[in-house]
Amino acid sequence: MKNLFVKLLSISMAFGAITLTSCDSDDPEPITGGTTEVMENLDAGILDGTLTEDYTLSSTTTYSLTGQFIIDDGATLNIPAGTKILADNGGTDVYIATLMGGTININGSAGNPVIMSSADGNPGDWGGLTLCGKATTTAGVDATAEVGGFIYGGTDDSDSSGIIRYLQISGTGAQINSESQYNGISFYAVGSGTLVDNVAVINGDDDGVEFFGGTVEVSNLYLENNSDDSIDWTEGWNGSITNAYISNTVAGFSTVFEGDKDNGNPEFNNITAVSTVGGTALQFKKTSGGTISGLSLVGYDVDLDMKDGGTTSNVIFSDGYAPVAMVEDDASTTDVDESVYTFALNTSVVATVDLSDFDWVDTDISFESSLLQGAVTGDVTLDASIAYVLNSSYIVQDGGKLTIPAGTKITARDGGTGVYIAVLQGGQIDIQGTATNPVVISSSSASPGDWGGLTICGNATTTAGVDATAEVGGFIYGGTNDADNSGSVTYLVLKGTGAQINSESQYNGVSLYAVGTGTTLENISVINGDDDGIEFFGGTVSVTNIYLENNSDDAVDWTEGWNGTVTNTYISNTVEGFSTAFEGDKDNGNPKFVNVTAISTVGGTALQFKKTSGATITDLYLSGYDTNIDMKDDGPLANVIIEGAAATTTDAYNTGTQVDISTWTWIDASL
């Protein structure tokens with residue numbers, strides 16, 4: 001945030017920020033003062049005391065907010081475009097509040113917003129802005145606000161507390177005690193007659209905006225680095241927010257959304273939230289919920305958190321999102337009271353609101369071009385000279401194409417299931433590595449499970465049918481075009497993949513969902529994955545030259561009738577506890593493996609076949625495994641053809657020619 005004090009001293013630059021505050025019984029008693037004294041202060045450019053009659057500020061005066069400024073029942077404060085209010089760094093003693101029956105009219109414009117801020121706009125410098133109205137709230141009629149002790153709540157859902165247009169407010173969130181802080185703007189039972197449009201809350205030390213019941217609707221909301229929740233609501237608020245841009249670039253915030261208590265089913269339309277520091281996006285407590293459309297979340301570790309185990313049916317996503325995976329908050333307990341979900345992104349995750357939509361907001365926030373996150377909708381080509389960070393999901397949409405040139409290095413944030421690259425049906429990826437300059441995608445430590453991996457979804461056949469839903473990401477895959485082309489991947493090194501979704505599902509290094517023969521996959525290395533190295537879900541794609549080292553589950557896994565070919569496979573197991581070198585499952589599409597070398601220094605199982613699965617394998621060399629062939633469900637050995645004959649469970653399978661990886665100098669390339 002730019003130094004707002006300096007900006008106040010410059011006629012050519014806009015200063016400040018406006019804030020709505022909350023109230024608590026721990027606050028000092030509001031200063032009433034005499035009407036004459038308050039008016040004299042206003043004329044002198046000072047906001048302090050209780051306003052009991054109408055007053056209009058001057059846009060040519062920089063006002064000082066030196067204490068508690070209260071707009072009383074029956075009074076109206078008009079704030080014209082371009083007005084600047086400088087709040088003392090007075091913590092909880094400095095705020096603006098509009099009582100029930102009072103009115104505040106903030107009439108900023110895009111060219112001349114109203115600014116309210118402390119000198120530096122630092123979190124917690126002052127309180128903020130609080131509006132108290134007469135709409136309904138589950139707290140009842142004439143409830144007492146948690147901060148300030150103000151009275152709010154009635155029976156008039158169309159009540160008006162005034163107008164707020166083009167307001168920027170900074171440095172709010174002063175702390176009252178360990179449990180209570182001021183918000184940027186607090187709406188206590190504010191009615192739908194109140195107009196709130198184009199509001200920015202920046203650097204608040206608590207919530208950006210919070211709704212305590214009421215019916216007020218807000219449009220065009222900008223929220224940047226508010227330390228607790230960007231948007232918080234409780235007491236049955238059932239208004240709406242349309243067009244919101246939320247950014248989190250400072251670690252330690254709580255959530256993007258926090259809903260609490262009774263569900264008034266508020267509506268949220270076109271919400272874009274971006275984090276560069278992980279964290280939780282949407283959190284719902286008790287029985288709270290809402291209806292959400294046009295949602296884009298980028299960079300968060302947790303998308304949806306049902307904090308108290310509330311039903312997800314209260315949270316309605318109208319754009320194809322659905323909670324698909326649950327992680328228990330404490331695996332050591334059987335009484336789980338919290339559920340954490342990731343989203344099934346069945347439709348577009350293209351941002352519905354852009355930072356440029358708020359060009360009237362004075363902010364230094366920017367997102368580096370080296371940050372990979374969000375959606376690829378056209379042709380995007382990376383630059384090998386840039387050190388990229390994969391911050392979140394990076395999803396190539398239908399019709400999009402992502403080109404990654406030779407030598408590109410991408411550091412994946414240690415963000416678990418929230419960090420991965422996916423190519424949807426109709427999208428393409430072109431990874432152009434070479435033997436001397438492979439493409440490397442890895443977390444910093446390359447530790448198993450640090451991030452997801454690479455997922456490609458195609459239109460080839462699978463026994464799961466047409467338009468099946470993937471077990472990770474909820475992506476759609478499967479069709480009738482076995483020659484489908486999802487692009488080309490050559491000389492790619494992946495490290496630290498396999499983030500865990502739940503006890504049954506994890507990401508793989510490379511997941512190939514119904515990928516067709518038109519796709520080229522050559523020279524791929526997957527090291528230290530916490531699940532499979534590479535897994536095929538149906539499809540017809542073939543692969544040449546794969547190196548798989550210490551992937552915790554299966555090095556190569558396939559299911560749903562995949563019937564492609566893998567030529568030259570080298571598998572190394574030197575860490576105990578892995579599952580298998582090969583795992584085939586379900587229907588037998590009879591895939592072919594030519595030149596397979598698998599070596600273990602820690603025993604374990606080499607080739608495992610479940611249900612009726614099988615394969616045709618030539619030039620097989622196994623070494624160091626306790627079990628070479630495991631027919632897990634007593635399927636027919638005749639489905640497994642090795643060196644031209646049905647497999648046996650007793651053969652050593654150590655006569656094949658080992659795959660020579662001495663020339664594969666690229667396989668362990670690092671960032």
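This is a predicted model: local features need pLDDT of at least 70, side-chain atom pairs count only at pLDDT 80 or more; totals for chains, interfaces and linings use all residues.
Let's start with valine 493, which is buried, with a relative accessible area of 0%. By buried I mean under 20% relative accessible area, with exposed being over 50% and partly exposed in between, using a 1.4 Å probe and protein chains only. This valine sits in strand S38, residues 487-495.

Residues are numbered from 1 along each chain as its sequence is written, and side-chain values use heavy atoms, with hydrogens and water left out.

Back to our valine. What is valine 493 in contact with, leaving aside its neighbours within four places in sequence? The partners are Pro438, Val439, Val440, Ile441, Ser525, Trp666, Ile667 and Ala669, where contact means heavy atoms within 4.5 Å. Aspartate 197, on the other hand, is 48 Å from valine 493, C-alpha to C-alpha, and 296 residues away in sequence.

Now let's zoom out. The protein chain has 671 residues, and 59% of them count as buried. Its secondary structure comes to 2 helices and 51 strands. The C-alpha atoms fill a box of roughly 100 × 50 × 40 Å along the principal axes. Among contacts with a separation of 6 or more, 68% are between residues 24 or more positions apart.

On to the cores. In soluble globular proteins, nonpolar side chains tend to be buried together. A nonpolar core is a set of buried Ala, Val, Leu, Ile, Met, Phe, Trp, Tyr and Cys residues joined through side-chain atoms within 4.5 Å. The largest one here has 63 residues, and those touching the most other members are Phe69, Leu129, Phe211, Ile231, Ile241, Phe257 and Leu282. Strand S3, residues 62-71, gives this core its largest share, 4 residues. There is also a second, separate core of 62 residues, including Val419, Ile431, Ala606 and Leu622.

Next, the aromatics. Rings of Phe, Tyr and Trp (its six-membered ring) pair if their centres lie within 6.5 Å; planes under 30 degrees apart are stacked, over 60 edge-to-face, and the rest tilted. That rule gives 31 aromatic pairs. One of them is tyrosine 95 with phenylalanine 150, edge-to-face at 6.2 Å centre to centre and 70 degrees between the planes. Tyrosine 95 lies in strand S6 and phenylalanine 150 in the loop between strands S10 and S11, so the pair ties together parts 55 residues apart in sequence. Tyrosine 95 is buried at 0% relative accessibility, and phenylalanine 150 is buried at 6%. Ring pairs also link Phe187, Phe211, Trp233, Trp237, Phe257, Phe268 and Phe284 into a cluster.

Last stop, asparagine 551. Is it buried or exposed? Asparagine 551 counts as buried, at 2% relative accessibility, and is found in the loop between strand S42 and strand S43. Its side chain reaches the backbone nitrogen of glycine 529 at 3.0 Å, a polar contact, meaning N or O atoms within 3.5 Å; within protein, one must be able to donate a hydrogen and the other to accept it, and residues adjacent in sequence count only if both atoms are side-chain atoms.
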